[in-house]
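The sequence and structure are shown below.

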Amino acid sequence: MEIYLPLFPLNLVVYPHEELNLHIFEERYRQLIGECLETGNTFGIPAFINNELPGFGTEMRVVALHKRYDDGRMDIKTEGTRIFRIASFDNPSPGKLYAGGRVEAVESEPELGDHRDELVVKLTQLYQLLQVKSEIDEETPLLSFRVAHKIGLSVEDEYKLLTLEHENERQQFLIRHLDRVLPVVSEMERTKDRIKMNGHFKNLDPLKF
């Protein structure tokens, strides 16, 4: 079923259940968010990539207004609810300053996924190499969406993940990415260790010719 949503295109990808803080300063988006605060309605953030709207985005709800400035600017907290596909786009929306369009909701089933264990192992390897502390909750559904911003994907790859329909596909997509990234990161860490040793006294084994 299609619905009409106010649209706030951004050069980023938002996933369902993700929290996103926004500083609202343009007049058109002050109007959009002001209406959402008054009515409780949602709005959409379609990904704007390479100067295009490729079509998918995430419906958002305003969770909190952190600050309203004297000049009308706002700091807000939002949360992603569900993915949508744009069916039509109006810029601006009739009678408004901001864009809008008819969108079709794409529901994401709360799947754990069949490749969760393999993905967690590779995520743990990456975070250990990077010496980054990150807690991975394996029991919460849609793990792929919750870790996608934390493994070095390009915005194009983050968008590709958004368009994949099932959690199994998304987990396999991330595993393939990690299979490419882990050897590179591992080599970088070895290089860093060699650089640290440069200039230190070394206990070398004698060579026998």
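Asn51 counts as exposed at 68% relative accessibility, where exposed means over 50% relative accessible area, buried under 20% and partly exposed in between (1.4 Å probe, protein chains only). Asn50 likewise counts as exposed, at 57%. The model is predicted: local features need pLDDT of at least 70, side-chain atom pairs count only at pLDDT 80 or more, and totals for chains, interfaces and linings use all residues. Residues are numbered from 1 along each chain as its sequence is written, and side-chain values use heavy atoms, with hydrogens and water left out.

Most residues other than glycine have a negative phi, and most peptide bonds are trans.

| Residue | Phi | Location |
|---|---|---|
| Asn50 | about 55° | loop between β3 and β4 |
| Asn51 | about 60° | loop between β3 and β4 |
| Gly72 | near 100° | hairpin of β4 and β5 |

Helices (H or I, at least four residues) and strands (E, at least two) are DSSP runs, numbered from the N terminus. Strands pair if DSSP finds at least two bridges between them. β3 (residues 43–46) pairs with β4 (residues 56–68) in the antiparallel sense over four bridges, and Pro46 has Gly57 as its bridge partner in β4. β4 also pairs with β5 (residues 74–86), antiparallel over eleven bridges; the partner of Glu59 in β5 is Arg82.

The peptide bond from Asn91 to Pro92 is cis, with omega near 5°. Pro92 lies in the loop between β5 and β6 (99–106).

In helix α4 (residues 155–163), the buried residues are Glu158, Tyr159, Leu161 and Leu162. They lie on the same side of α4 because they cover an arc of only 155° around the axis, taken from the directions from the helix axis to the C-beta atoms.
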